[in-house]
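Open the model in your viewer and keep the selection panel at hand. The stops below say what to select and what is there.

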Amino acid sequence: MPIKGFIFDLDGVLTDTAEYHYRAWKRLADELDIPFTRADNEALRGISRRESLLLLLKGRAYPEETLRKLMERKNGYYLGYIREMTPQDMLPGARELLIEIRNAGLKTALGSASKNAREVIERLGIAELFDAVADGYSVTRQKPAPDLFLHAATLLGLSPTECVVVEDATAGVEAALTGGFYVIGIGPQERVGKAHVILPDLSKVRLDQLLARLPVSV
Ligand code: BG6
Ligand code: MG
């Protein structure tokens, strides 16, 4: 089946909010006196806010009310970082690829676990480049479950085999593969090695070259 749509993860694919998520978690961890390194943060990529907090706490038990307050605190730090974002904060090549996909008559959706995704795409000035948005409010089961991408495909009116998912997180690549999508992994082999195509980033990526590299049966 030919490819008819692309579903893009946001954080770490279209913009470097992955760094802001790291800084916000790091600030919280420092305040709680919990060791937290960039290597620890890798396990949080693509993972929901709640699951991320539980991983950061490394088994320390807190009452539900405290967990909620800690998530709120981290999100407050994160919102402080993204408030400064402008269209200049798109990663190289990302806007150009989105536009090329749309000009080719293919559909585009956002497939981000973030509850802040709509605010980020507004600040980046790319909200109108998506036919559909699936975000942290769209489904209950988060990545690595395939639900978010399946929801995005449904919004586009496409089946998974007609869609390519672009992801930077191990959990996101797994979610897309489980859902039966074609997957482009952005980042190092050890993180996105299971994707059909692996790219360091989206700079200088041309749509026709990308499609030619996918194992799509026509
Ligand atoms: C994902 C990020 O896109 O969204 C994760 O990769 C983040 O790092 C998750 O935890 C949830 O984001 P938010 O903005 O709802 O806390
Ligand atoms: Mg990501």
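**Pocket, metal site and salt bridges**

Start with the residues lining the largest pocket: by class, nine are nonpolar, 11 are polar and nine are charged. The model is predicted, which applies to every stop on this tour.

To find the middle of the largest pocket, select Ile47, Ser48, Arg49, Ala113 and Ser114, which lie nearest its centre among the 29 lining residues. The space in this pocket comes to about 490 Å³.

Next, colour by domain, with domain 1 as 5–16 + 87–213 and domain 2 as 18–82. Both domains give residues to the lining, so the largest pocket lies between them. Then show α1, α3 (49–56) and α4 (64–82), each of which supplies at least two lining residues. The largest share, four residues, is that of α1.

The ion is coordinated by Asp9 through OD, Asp11 through O and Asp168 through OD, at 2.0 to 2.1 Å. Along the sequence, these donor residues follow the spacing D-x1-D-x156-D. Asp11 sits in the loop between β1 (5–8) and α1 (17–32), and Asp168 in the loop between β4 (163–167) and α8 (170–178), so this pair ties together parts 157 residues apart in sequence. Are these two residues buried or exposed? Asp11 counts as buried at 14% relative accessibility, and Asp168 counts as buried at 1%.

Now turn to the salt bridges, of which the structure holds 21. Select Glu19 and Arg23 in helix α1: they are four residues apart, about one helical turn, and their side chains meet in a salt bridge at 3.1 Å, N to O. Glu19 is buried, with 17% relative accessibility, whereas Arg23 is partly exposed at 38%.

Glu19 belongs to helix α1 and Arg38 to helix α2 (residues 38–42), so the pair links parts that are 19 residues apart in sequence. Arg38 is partly exposed, at 46% relative accessibility.

In helix α4, pick Glu65 and Lys69, which are four residues apart, about one turn of the helix. Their closest N and O atoms are 3.6 Å apart in a salt bridge. Glu65 is partly exposed, at 39% relative accessibility.

For the last stop, select Glu42, Arg45, Asp168 and Arg191, which are joined into one network by salt bridges that share partners.

Technical notes. Residues numbered from 1 in each chain as written. Chains lettered and ligands numbered in written order. Predicted model: local features only at pLDDT ≥ 70, side-chain atom pairs only at ≥ 80, totals over all residues. Heavy atoms only, no water. Donors = N, O, S within 2.8 Å, 3.2 Å for Na, K, Ca; no water. Buried < 20%, exposed > 50% of the residue type's maximum accessible area, 1.4 Å probe, protein only. 1 Å grid on protein atoms, 1.4 Å probe; cavity = no way out; pocket = protein on both sides within 12 Å on 5 of 7 lines; lining within 4 Å. Points joined across faces, edges and corners; volume = space filled by probe spheres on them. Nonpolar A, V, L, I, M, F, W, Y, C, P; charged D, E, K, R; others polar. Domains from an automatic or database assignment. Salt bridge = Lys/Arg side-chain N within 4 Å of Asp/Glu carboxyl O.
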